[in-house]
Amino acid sequence: MNNYSPAFRRHKSLKQEKNIMLPFSCYSPKLSLYILATCVILLMLLQIRSLHTVFPTSSSPLPSLSPSASWSLFQQWQNLVLNRTLAAASPVNCTQNPDSMNQKLRDSITFLPLKDLRFSNRPLDGHTWFMSSMYDTREEGEVQYQQFPSEPSKGRFLCLKGRDTHDGSWNYYALAWPEALPTNATLMKGLTFVSYNHYNYDNIWHGLSAVMPFVAWHRKNSCEKPTRWVLYHWGELRFKMGTWLNLLMEATFGQAPYIEEFNDVDDDQPVCFEKAVVMRHNEGGMWRERRMEAYDLMRCKARVYCNVSLDRRDSHERPDIGITLLMRSGARSFRNETAVIGVFEKECKKVKGCRLMVAYSNNLTFCQQVKQMSLTDILISPHGAQLTNMFLMDRNSSVMEFYPKGWLKIAGVGQYVYHWIASWSGMRHRGEWRDPNGESCPYSDEDHRCMSVYKNGLIGYNETHFAEWARNVLNDVQTKRLEEEGTKNGTASMKTCDCN
């Protein structure tokens with residue numbers, strides 16, 4: 001009599017049922033060996049028995065089998081056992097339907113915020129908050145970039161989602177296999193340039209810093225041109241460049257830049273790119289020679305675009321030595337422009353072939369700026385974005401810069417950006433003059449609150465200092481010009497541009 005409780009019997013019954021229903025779905029090498037060994041033993045026993053039944057004895061009560069019938073029976077058993085053994089020993093086909101696998105890959109895609117808030121208090125230190133899970137491709141001396149698809153991305157496309165213009169943490173990115181793009185994703189063909197700018201695209205210095213690495217990549221990669229641009233500022237979408245920058249890119253790439261606005265895409269609809277190049281570190285990591293090559297390309301293309309001679313010797317308008325006073329209006333302008341112009345005009349007249357030109361950057365079109373810089377050997381200007389035009393001069397041209405009071409102690413390293421671009425573009429920065437006089441600050445000179453007072457101050461002049469400074473630069477330029485003319489070929493000049 002069974003003394004087990006009903007509950008125990010139900011549990012045992014369910015357990016037996018579960019064990020019976022459990023499918024054999026995985027291949028076990030140990031189990032296969034056991035089955036194979038058992039089959040070998042059975043075959044041996046069957047063979048022994050068949051040998052006994054081939055020659056029956058008179059005492060045998062059972063009817064005997066003929067040798068041929070016995071051998072046939074043995075073969076049938078052998079085939080049956082071997083087939084079962086091989087079927088049991090072979091691994092189960094675990095391959096899945098490709099569509100099912102693609103769906104699983106599609107479901108596994110994870111979109112991350114473009115702006116990683118963990119780095120929000122130090123966006124420019126080391127790793128960046130823009131696409132923070134990704135690492136750049138670094139080649140010695142070359143621009144740092146990311147490319148999709150590529151070996152580092154394991155062949156995956158870059159996908160973006162979101163159109164927020166106020167908070168980069170609401171815009172997202174992900175990587176996806178070409179065969180398993182996100183649900184409802186739009187695939188954009190051609191090459192896409194994705195730009196991250198910590199500042200903006202309206203200021204010509206900050207805008208140029210963001211797009212210059214794309215020019216370097218373009219030059220290095222068979223002059224491949226972008227189909228579109230996607231612009232980000234702190235992870236927030238931007239839909240235009242400043243006019244100056246837009247025209248420079250049109251000149252450089254031979255086509256007006258198309259800024260993607262995703263107008264035909266819903267806010268939560270992913271967009272993937274057939275090929276994308278991402279820049280987020282400006283010129284970081286580039287050798288000076290590589291930077292100069294990129295600026296050479298932009299200078300040359302801008303002159304061609306504006307129908308300006310590439311060779312100074314072919315221009316009848318060009319003076320032997322051209323000085324341009326590039327003025328500002330308003331913030332950081334000269335307090336007494338007439339006096340400043342007079343000092344440099346006086347010194348220019350002392351040098352044969354020297355011509356002084358006065359221009360206002362806000363009154364010049366892009367091509368007028370390109371032409372003016374092509375006529376300039378010495379650029380004189382207050383600190384400001386208009387100095388970015390310096391790279392449009394010939395290599396080895398000179399720059400003289402002026403600051404209002406108070407910048408040296410509290411303006412930070414950003415006050416040296418035009419020293420940097422002079423070096424990167426092959427120019428010679430001849431120093432700066434800092435006005436010791438100006439509006440007073442109620443705090444100490446090193447208090448950063450004073451920057452709001454000093455930032456847009458006017459600039460005075462020192463006639464004695466300006467005259468001596470101008471004389472020294474002019475003499476040096478004149479000496480080098482004579483040396484160039486004494487050589488067989490003179491100064492190196494552009495005849496054609498790269499990427500024609």
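Colleague: Which cysteine does the disulfide of Cys 306 join to?
Modeller: In this predicted model, a disulfide means a pair of cysteine sulfur atoms within 2.5 Å. The S to S distance here is 2.2 Å, and the S-S torsion is about -75°, so the disulfide is left-handed. The partner of Cys 306 is Cys 367.

Colleague: How many residues apart in sequence are the parts that this pair, Cys 306 and Cys 367, ties together?
Modeller: Helices (H or I, at least four residues) and strands (E, at least two) are DSSP runs, numbered from the N terminus. Cys 306 lies in the loop between α7 (288-305) and β9 (321-327), while Cys 367 is in helix α9 (residues 366-374). The pair therefore ties together parts whose separation in sequence is 61 residues.

Colleague: Is Cys 367 buried or exposed, or partly exposed?
Modeller: Buried means under 20% relative accessible area, exposed over 50%, and partly exposed in between (1.4 Å probe, protein chains only). Cys 306 has 13% and is buried. Cys 367 has 28%, so Cys 367 is partly exposed.

Colleague: What is the torsion about the S-S bond of Cys 348 and Cys 354?
Modeller: The sulfur atoms of Cys 348 and Cys 354 are 2.0 Å apart. Cys 348 is buried at 3%, and Cys 354 is buried at 16%. The disulfide is left-handed, because its torsion is about -115°.

Colleague: How many disulfides does the structure hold?
Modeller: Numbering the bonded cysteines in sequence order gives the pairing 1-3, 2-12, 4-11, 5-8, 6-7, 9-10. The disulfides in the structure number six.

Residues are numbered from 1 along each chain as its sequence is written. Local features need pLDDT of at least 70, side-chain atom pairs count only at pLDDT 80 or more, totals for chains, interfaces and linings use all residues, and side-chain values use heavy atoms, with hydrogens and water left out.
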